[in-house]
Amino acid sequence: MSARSISELRAASSPRPDAGWKVAGGKGFLTDMIPDNALSVRVWRSPIPHGRILSVDIRRAAAMAGVLSVLKASDVPGLNGYGPKVRDQPVLCADRVRMCGDPVVALAAESPKIADEALEAIHVELEPLPAVLDPASALVPGTIAVGPNHNLCYERRYTRGDFNLLTASDAIRIADTYETGRQLHIAMETEGGFVVPHPDGRFSVHVGSHFPHGDRLALAAILNIDPGRIEVVASPMGGSFGGKDALSIQPILILLASFTGRAVAHHRTRAESMALGETRHPFRMFMETSCDRSGRLLGHRADLLSDTGPYTTKGPDVMDTAFENAAGPYAFEALDLHARVAFTNNGLSGAFRGFGAVQVQFALEQQMDRLAAAVGLDPAVFREQNLRPLHIGPLDQVTTGAQHPSRVLSAISTHPLRHRSNHNEGGKGRFLRGTGLSLITKGEGFSKGGPNSGSLSLELTKDGHILLATGAVEMGQGAIPAAVAAVATVLGISQTDVNVRLGMSGDPNAGPSAASRVTGMLYRGVQHIAPLLSADLLTAAADILGLPVGVLRLGNGGVWDNSTQRNRPSLAFAELADALKNGLPRREALVPANETPSAIKGHGDFNAASALATVLVDQWTGAIRVERMAVAAACGPVLAPLAFAGQIEGGAVMGIGMALLEHMPESAGRFLHRNLDGYMIPTIADAPTVEIIALEEIDPADTLGPRGIGEISINVAVPAVANAVADAIGVPIRKLPIHPADVLAALRQKSSS
Amino acid sequence: MFFYRASSASEALEIKAQWGGAARFIAGGTALQLEWDESAELPPLIEVSSLGNRVAWLEQDDLHICAFARLESVRRDPLVGSHAGTFTRAIGSIAAYGIRELATLGGNVAWPKGDLRPYLIAAEAVLITPEGSIPVDQWCSRSLETLILSVRLPFAATTVHFEKVGYRSAFSPSLVTLAFRRSEKHVRVAVGGGRNRAGRLRAAEDALTSSHLIGLTELTDLVLSEGLLIDDVTASASHRAEVTARIILGRTGRLS
């Protein structure tokens, strides 16, 4: 077994190709490139969470000088709806508004000032309807329907085994309800961009997103035009974390560009982004889990409920991931899983790093610690003895590849940090220290049914580079360094010989850049086509050099002759490109989906991670500080070490935000924090030292290679932190984020009992 | 936009009088900057940061600190450090370094959210203004249009316990900022920070001064009874009061 530490990873790294301009604060994101002559956009949005539209009067606004277009729902030429699978979110609301901020009228004007004045001149009459604000109440029969017919957006069940085990007389049983909150993505760059209409009827859409090819189809349906008339440039973005996965401003921008024939642009303010953007799905989770006196798990029941807001968005997909992870990596004799997604008039929930799994992993890992304590077993030993066989998934599906959880667990359970636990630190008994351990598995890509396949191309370009082109996007996660490293590694050339072009709908369709699937997809695609392109290049070079192909190989800078001792290539890539008059070699490949062969909506391939967190709880203020973390991840070989480390550290800090800080209070369907003065995200001072242990070895039969690392660290960090706090204060954690007032209440309760 | 750099305190007050209540004094501008996103237009500004020429001095054994001195200058000043070590440390625990390099002592005291207000109230500090001397707790309880010239710390050498409690490790608004000082005869306690009103906790002072043993619940209730702590979506007043009570009892070794 090989395990590399972060310092070894860093020593093996070169700077990321996109590091320079990002560190220097240079212009490079799409919102940095908004053309000066673009029209300003304003949208009349609902001030109430639920209401019937009685009338819309745009006459005064439309008549104002400098106002080019004022549009209502009836102006949408094609489908007035979009969404990742169910297209139920209106571009402009026609008869009802279903959340605060729902758009009713969109306008474009020559300047921001004129646009503001025109917005003021719009009159919309709304009749308030009862607002459905609680997901459980939403599902009570008789409640007014937010969705098309009722408020049940999605439901799923899975049962196996004998449930009497849960209540057997000698079984130890823990039952509790857990809650997680509405975390916001808070990307550095808020949603924005521009759309340019061309004289030939085409549109260029420059707005960051995860899936340029999908955006193109959705936008074409809205305009009722051929998708070939739309070109989407979706990369690079200044962060997303899932927040730019769904369409945001694109539908309204392309509609206004179509009506005005002019470039239109919008860049959301932080306040707009926070009020209108999608958030992490809040979850309520009832879990009931039992084990026998020896600590062998028996039965597990989970009843999950999430709030997706008024439209479907990724609600069912997020819940599918939660559902699949509700049993974790553990073997249960009996399982009873039930999941429901509710429509409400709260704001939109959608894709978010950790994607449903992190919510249930928090709850399940609390259950595991509580059961381990109840039978008097070390939490690591308890987990180890209850692991499921490697090639069976959590829903009993057959897996096609898997990283063994016992390896990461072993790296963490023997870690020196585990034995630092000392419950009274800092003098005068002010601080309590706790240590928490977590173990999780995480499916690679989307569940069965995908989209899990993707395409990419590799070619020699005139300027002497090997270009990888695909619709996958760079959002800060490291798609560029992963792509460069994959091409350089597989072809055996220098990283400086490689260029990548990402995020354009004119290039091969990668599928969505989501679900930690980009690294694996890129690597497998490159592995498939690189030998073909290599053969094309060597054959062409042999012809030019008059040498047999057998003595040639690709190396740094070009084609090398093995039969000589020269310290440079015999033919540089640029020379080769110059010499090829009849077109440059190009190869394209479709990377097939890697899915479970079982007929079940679940994953086929699982990565594993385990983490340790030590926390200090301030008994005077209830504040919690994460001191140290160690994360062991088994995600296959590390392709781009710095990007790998960045993802682990960043995910851990984002997990600390979810566990301890990020709370969005709501009132009557409205989010109450408008900016980052109120909504607290972790700063560098809240970031602990994160030790990273990469377990790179994969099964010899495993052909999948490196896996994505974009999410697994948040998945594993959140339960580790929650378990550490529970260890420190001696009370289970039932709700995230953990408010200091709840900590003090727990301490009061403990001291009085 | 009106921006005037005053060359003396009297000139600054004169210009202010011409504009009525609309004009604002500005020194570091760090508090004003927080409002810029909210309002379309800036108020008329009278710049006063160059009105002081020394950071601190002694006058009849009392330490005086110039109101126009940047917080970081005050924190690094050797005279302040040697005469009021707890004040030096208190400044180091508020605002970020970059903010302290701009923000002034007077600005912090004049600003309702200023974290140093509780310290200065507990320290029985007095503000020197063109209209005379005003104890800091009086200044905080009513709004005054005058200019603070300097701050007098009569009991500089005594220990003031000070703590700003935020919502995260750094760059955070205050959940509650509190300070207390024990003298031979009494205990003086003050709170403030964020949207809390800065002021003395008189009932808590009386209870802490008396010889009877006070418990957490009792002290929390007394802190709350003063009505200075706010209830909002981030934290309840009772939570802020409990934190205040725990810190006071903890620092005096009375938290069981």
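Tutor: Let's start with E333(A), which has a relative accessible area of 38% and is partly exposed. Keep in mind that this is a predicted model.

Student: Why is E333(A) called partly exposed?

Tutor: Buried means under 20% and exposed means over 50%, with partly exposed in between. The 38% of E333(A) falls between those cut-offs, so the residue is partly exposed.

Student: What makes R296(A) and E333(A) a salt bridge?

Tutor: The cut-off is a side-chain nitrogen of Lys or Arg within 4 Å of a carboxyl oxygen of Asp or Glu. Here the closest N and O atoms of R296(A) and E333(A) are 2.1 Å apart, so the pair counts. R296(A) sits in the loop between β14 and β15 of chain A and E333(A) in the loop between α10 and β16 of chain A, so the pair ties together parts 37 residues apart in sequence.

Student: And how do you know whether R296(A) is buried, exposed or partly exposed?

Tutor: R296(A) has 39% relative accessibility, which means that this residue also counts as partly exposed.

Student: What makes E124(B) and R181(B) a salt bridge?

Tutor: Their closest N and O atoms are 2.6 Å apart, and the cut-off is 4 Å, so this pair qualifies. The bridge links distant parts of chain B: E124(B) is in the loop between α8 and β6, while R181(B) is in strand β10, 57 residues apart.

Student: Why do E124(B) and R181(B) get separate accessibility labels?

Tutor: E124(B) has a relative accessible area of 23%, between 20% and 50%, so E124(B) is partly exposed. R181(B) has 3%, under 20%, so R181(B) is buried.

Student: Why is H419(A) called exposed?

Tutor: Its relative accessible area is 64%, over the 50% cut-off, so H419(A) is exposed. You can find H419(A) in the loop between α13 and β18 of chain A.

Student: Why are α7(A) and α8(A) called oblique to each other?

Tutor: Their packing angle is about 50°, with the axes 10 Å apart. Under 35 degrees would be roughly parallel and 65 to 115 roughly perpendicular, so about 50° is oblique.

Student: Which residues of α7(A) and α8(A) meet?

Tutor: D215(A), L219(A), I222(A) and L223(A) in α7(A) touch Q250(A), P251(A), I254(A), L255(A) and S258(A) in α8(A). Sorted by class, this contact has six nonpolar, two polar and one charged residues.

Definitions and conventions:
Residues are numbered from 1 along each chain as its sequence is written. Chains are lettered from A and ligands numbered from 1 in the order in which they are written. This is a predicted model: local features need pLDDT of at least 70, side-chain atom pairs count only at pLDDT 80 or more; totals for chains, interfaces and linings use all residues. Side-chain values use heavy atoms; hydrogens and water are left out. Axes are lines fitted to C-alpha atoms, for helices over the stretch in contact, and angles run from 0 to 180 degrees between N-to-C directions. Helices (H or I, at least four residues) and strands (E, at least two) are DSSP runs, numbered from the N terminus. Angles under 35 degrees count as roughly parallel, over 145 as roughly antiparallel, 65 to 115 as roughly perpendicular and the rest as oblique. Contact means heavy atoms within 4.5 Å. Ala, Val, Leu, Ile, Met, Phe, Trp, Tyr, Cys and Pro count as nonpolar, Asp, Glu, Lys and Arg as charged, and the others, Gly among them, as polar. Buried means under 20% relative accessible area, exposed over 50%, partly exposed in between (1.4 Å probe, protein chains only).
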